[in-house]
Amino acid sequence: MEVVSFSIGVIGNAISVLMFLSPVGTFWRIIKHGSTEEFESLPYICTLLNSALWTYYGIIKPGALLVATINGFGILVEAIFVTLFLIYAPAKSRAKTAILFGILDVGFLSAAVLVTQLALQRETRIDAIGFLCAGLNIIMYGSPLAAMRTVVTNKSVEYMPFFLSFFLFLNGGTWTIYALLVRDYFLLVPNGSGFLLGTAQLVLYAIYRKPRRSENDSERLQEEWQHECLVSSSHDQSH
């Protein structure tokens, strides 16, 4: 059983790599245009915090090395994304990004580590960080839910990228299986939710896959799609 769970975890790591890299097309566009335009930094700041907390969880929990390694990679990727926001965002947005980074990724993370290390014992510490990680993950699913509502309202998948939905489905499904095998319910709840959301998004994509687009929007989306394909094929098969 250990061999099976480890193998599933390795597959989950590979899919997670693709999921972490899925916004590369967006950031290539930001670099090329020299501006973050209307893109928001908050999702990447939250993902950085989420990756850091899961890395901490993987380090303090025995047998959770695979959780720590993939989220350690996530820290690196999201830190690069946040740095690009600090470089290319307009002054007001850059200040907002810096403040949020300081509050969430420095202040909140440091407080979580210090409090759990100084005030809690081993098993209680693992449980506390597990609850925190699972709760943050579930809160972050507000973004996919908002995207799904937009799709239904506009009857168009224009603002719900297929690859992100696909990787959400694969990533959630793989880590759900892993969580069941190792009986880690802190991993099970958020990844099971992600699997269900990913499935729902793919169903919506099948229903509304012919969006009405302006010519400029079509060109922009085609450009992003090409960059996403580049990421997929070059790492295909490196969540």
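Visitor: Where is the place of isoleucine 30?

Guide: In this predicted model, isoleucine 30 sits in helix α2, which covers residues 24-33.

Visitor: Is isoleucine 30 buried or exposed?

Guide: Isoleucine 30 is buried, since its relative accessible area is 1%, and the cut-off for buried is under 20%.

Visitor: With which residues is isoleucine 30 in contact, leaving aside neighbours within four places in sequence?

Guide: Isoleucine 30 is then in contact with Ser35, Thr36, Phe39 and Tyr88.

Visitor: And how many residues apart in sequence are isoleucine 30 and phenylalanine 85?

Guide: The two are 55 residues apart in sequence, and their C-alpha atoms are 8.7 Å apart in space.

Visitor: Turning to helix packing, at what angle do α1 and α4 pack?

Guide: Helix α1, residues 2-21, packs with α4 at an angle of about 5°, and their axes are 10 Å apart. The two helices are therefore roughly parallel, as angles under 35 degrees count as such.

Visitor: Which residues make the contact?

Guide: On the α1 side they include Phe6, Val10, Val17 and Phe20. On the α4 side, Leu66, Ile70, Phe73 and Phe81 are among them.

Visitor: How many residues of that contact are nonpolar, polar and charged?

Guide: The contact of α1 with α4 has ten nonpolar residues, six polar and one charged.

Visitor: A change of topic: how many disulfides does a search of the whole structure find?

Guide: The search finds zero disulfides. As for individual cysteines, cysteine 46 is buried, at a relative accessible area of 18%. Cysteine 133 also counts as buried, at 0% relative accessibility.

Visitor: What about the backbone: what is phi of lysine 155?

Guide: Phi of lysine 155 is near 50°, a positive value in a residue other than glycine. Most residues other than glycine have a negative phi. Lysine 155 is found in the loop between α7 (142-154) and α8 (162-182).

Visitor: And where does arginine 183 lie?

Guide: Arginine 183 lies in the loop between α8 and α9 (185-207). Its phi is also positive, near 55°. Arginine 183 counts as exposed because its relative accessibility is 66%, and the cut-off for exposed is over 50%.

Visitor: Finally, where is confidence lowest in the chain, and where highest?

Guide: Confidence is lowest in helix α10, residues 215-235, with a mean pLDDT of 47, and highest in α4, residues 65-88, at 94. Over residues 224-239 pLDDT stays under 50, and the model has 30 contacts beyond four places in sequence for them.

Visitor: What does the chain average?

Guide: The chain averages a pLDDT of 83, and 86% of the residues score at least 70.

Notes. Residues are numbered from 1 along each chain as its sequence is written. This is a predicted model: local features need pLDDT of at least 70, side-chain atom pairs count only at pLDDT 80 or more; totals for chains, interfaces and linings use all residues. Side-chain values use heavy atoms; hydrogens and water are left out. pLDDT is the predictor's confidence in each residue, from 0 to 100. Helices (H or I, at least four residues) and strands (E, at least two) are DSSP runs, numbered from the N terminus. Contact means heavy atoms within 4.5 Å. Axes are lines fitted to C-alpha atoms, for helices over the stretch in contact, and angles run from 0 to 180 degrees between N-to-C directions. Angles under 35 degrees count as roughly parallel, over 145 as roughly antiparallel, 65 to 115 as roughly perpendicular and the rest as oblique. Ala, Val, Leu, Ile, Met, Phe, Trp, Tyr, Cys and Pro count as nonpolar, Asp, Glu, Lys and Arg as charged, and the others, Gly among them, as polar. A disulfide is a pair of cysteine sulfur atoms within 2.5 Å. Buried means under 20% relative accessible area, exposed over 50%, partly exposed in between (1.4 Å probe, protein chains only).
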